[in-house]
Amino acid sequence: MQITAPCVVSLTWRLEDAQGQSVEVLDPAMEFFYGGEDLFAKVEEALADKVAGDEVSVALEPEDAFGDYDSDLVCFEPREIFPENVDVGMQFEGLPEGSSTPDMPADRIYTVTEVYPEHVVLDGNHPLAGVGLRIHVTVCDVREATEEEIEAGTLGDTGFTVVSGPDPDEPIH
């Protein structure tokens, strides 16, 4: 079966930064809804009409992937509103209760980037924001989407929701 919207594709991939450094390897294969919200538009475009066994490589500029880095999404919060064991790399959904920075989006994942005695630095940017990427995709399978999948327009959580940062040895969930 050829990849045409709507359908479900089973993919593996290798994601690299612009310097060719491995960011993530998706293996075993994972299913994605094609023609909805699960894949970047440029990846979907490259996969059009492909079949199981085909491979594609796509260059993704920041605007094609996780967006440009936005320094307005970095804030400094008082150290006392965090757990005693707060450490670089910890993440919070939204800002912690008692935060002092106004107008920060509540629906972001904030990553602790620095910890000081008086304050903690939080970054609401995606860990790969501002990074040019190259993705090498292998199509493992293609199947018809169910009515429920078509109605939802997604299979749910996809591999493009990095929350742990670009660690090449750790899968992105």
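Predicted model: local features only at pLDDT ≥ 70, side-chain atom pairs only at ≥ 80, totals over all residues.

Reader: Is His136 buried or exposed?

Author: His136 is buried, because its relative accessibility is 18% and buried means under 20%. Glu16 is likewise counted as buried, at 14%.

Reader: With which side chain does Glu16 meet in a salt bridge?

Author: Side chains of opposite charge can pair when their charged atoms come close. Here Glu16 pairs with Arg14, at 2.9 Å from N to O. Arg14 is partly exposed, at 37% relative accessibility.

Reader: How many salt bridges are found in the whole structure?

Author: The search finds 4. One of them joins Glu31 and Arg143, at 3.1 Å from N to O. Glu31 lies in strand 2 (residues 22–34) and Arg143 in strand 8, so this pair ties together parts 112 residues apart in sequence. Glu31 and Arg143 also belong to a network of salt bridges with Glu149.

Reader: Where does the salt bridge between Lys42 and Asp64 tie parts together?

Author: The side chains of Lys42 and Asp64 meet at 3.7 Å, N to O. Lys42 is in helix 1 (residues 41–47) and Asp64 is in the loop between strand 3 and strand 4, so the linked parts are 22 residues apart in sequence.

Note on methods. Residues numbered from 1 in each chain as written. Heavy atoms only, no water. Buried < 20%, exposed > 50% of the residue type's maximum accessible area, 1.4 Å probe, protein only. Helix = DSSP H or I, 4+ residues; strand = E, 2+ residues; numbered from the N terminus.
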